[in-house]
Amino acid sequence: MLTGKRLLSTSRCLLKSSTSYNYDFTGLISQTGLPGSVGNTPLLKLNNLSKQTGRNIFAKAEWMNPGGSVKDRAALFIIEQAEKKGLIKPGGTIVEGTAGNTGIGLAHVCRAKGYKCIIYMPNTQAPSKIQTLKLLGCEVNPVPVVPFTDPQNFNHQAKRRAESLENAYWTNQFDNLDNRQAHIESTGPEIWNQLKGKVDAFTCSLGTGGTWSGITRYLKTQDPNVKSFAAEPPGSCVYSYVKTGGKSLERSGGSFTEGIGQGRITNNVAQDIALADDAFLIPDSETIVMLYRLLAEEGLYIGGTGALNVVAAVKAAEKVPEGGNVVTILADSAHKYAERIFSKSWLESKDLYKELPEDLKKYAVLD
């Protein structure tokens, strides 16, 4: 039996402390298991960069998706649209060409829905991506990197493999508009609702283009005054395409980032690229410094794409009024890339270690 004194003490334990934890938030319950847990990710304010710029810089925490990246959204939407259209039947096989994250998203959804999964990917991708796909039960085929115009490009190999199998579906993430639609119906509305319609600018990089195109289309449909900027690494043709009004596909150089920086205008990109207000070309030197800054200053352990996106968000902040809201995407975490991006020797091999400020070099702990 609780005495009055002990009861008072227990009651005090039930009082809410003053912390950053949101006690009023009701977490999602997914009756459909993993598929229903995709999306509805937090929108994080990057406090140090917001103070630095005088604008509110927000980033979608897409690594919190069950498969660990923004690509879970497209993976789920594409498969479920194929089911609705009768393009895949129970026990079938999903086939895709991917730099890794879409494959991982597809693999998770395939496990949950009972499909087999076959992946073709460039052999330059982080080894941990290949390992993860294999652990998820996928057949993984790393292939040499060749241009899209080459029949041996990983996308074309994936298409041919799907065509050779019964009850198989090639998800075709680069040109399948269900990719873009996933973000028109989920990510865009989430951002709009989270900021109560107060969005001044959006920016992110383009791989397939589904994320940028879908979010841009949705936000500009809600408010045509929202600015949208394409953010690209060296080696991408999208930057020159935007800058020249579609007259040039010129590109040069390369980047340590993975899955972005395309050499062509995909079908997903083509739908909405005319909506771009401008484009930013982000050098690897700026991306790697931001990656380390986000770890040191914000406690965020994210991959190269997310870091590039935040660099772009800082640039976008210069183009909106003081106090405005800028949104970007943290595509995935650093876990899959850690053996590279936190390795001093690897950074030196890419001529990037010297770009890090002295106070950030302490995070390059791997050799």
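Which residue of β8 does Phe202 stand opposite? In the predicted model examined here, Phe202 stands opposite Ser228 of β8, while in β10 the bridge partner of Phe202 is Val327. Strands of a sheet pair through backbone hydrogen bonds, in either a parallel or an antiparallel arrangement. Strand β7, which covers residues 201-205, pairs with strand β10, residues 325-330, in the parallel sense over 2 bridges, and the pairing of β7 with β8 is likewise in the parallel sense, over 5 bridges.

These pairings belong to an open sheet that is formed by 6 strands in the order β1-β2-β10-β7-β8-β9, with mixed pairing. Strand β8 is largely enclosed by the rest of the structure, because 5 of its 6 residues are buried.

Helices also lie across the sheet. Helix α8, made up of residues 210-222, lies across β7, β8 (227-232) and β10, and runs at about 170 degrees to β7. Helix α12, residues 304-317, lies across β2 (56-61), β7, β8, β9 and β10, and its direction is at about 170 degrees to β10.

A further helix, α11, spans residues 284-298 and contains Thr287. With a relative accessibility of 0%, Thr287 counts as buried, because the limit for a buried residue is under 20%. When residues up to four places away in sequence are not counted, Thr287 touches Phe256, Thr257, Ile282, Gly304, Ala307, Leu308 and Val311.

Two packed helices are described by the angle between their axes and the distance between the axes. Helix α3 (residues 71-84) and helix α7 (residues 178-194) pack at an angle of about 125 degrees, and their axes are 8 Å apart. This angle makes α3 oblique to α7, and the crossing of the two helices is right-handed. On the side of α3, the contact is made by Arg73, Ala74, Phe77, Ile78 and Gln81, whereas α7 contributes Asp178, Asn179, Gln181, Ala182, His183, Glu185, Ser186, Thr187 and Glu190. The residues of this contact of α3 with α7 comprise 4 nonpolar, 6 polar and 4 charged ones.

Technical notes: Residues are numbered from 1 along each chain as its sequence is written. This is a predicted model: local features need pLDDT of at least 70, side-chain atom pairs count only at pLDDT 80 or more; totals for chains, interfaces and linings use all residues. Side-chain values use heavy atoms; hydrogens and water are left out. Helices (H or I, at least four residues) and strands (E, at least two) are DSSP runs, numbered from the N terminus. Buried means under 20% relative accessible area, exposed over 50%, partly exposed in between (1.4 Å probe, protein chains only). Contact means heavy atoms within 4.5 Å. Axes are lines fitted to C-alpha atoms, for helices over the stretch in contact, and angles run from 0 to 180 degrees between N-to-C directions. Angles under 35 degrees count as roughly parallel, over 145 as roughly antiparallel, 65 to 115 as roughly perpendicular and the rest as oblique. A crossing is left-handed if the near helix is turned anticlockwise from the far one by less than a right angle, and right-handed if clockwise. Ala, Val, Leu, Ile, Met, Phe, Trp, Tyr, Cys and Pro count as nonpolar, Asp, Glu, Lys and Arg as charged, and the others, Gly among them, as polar. Two strands pair if DSSP finds at least two bridges between them.
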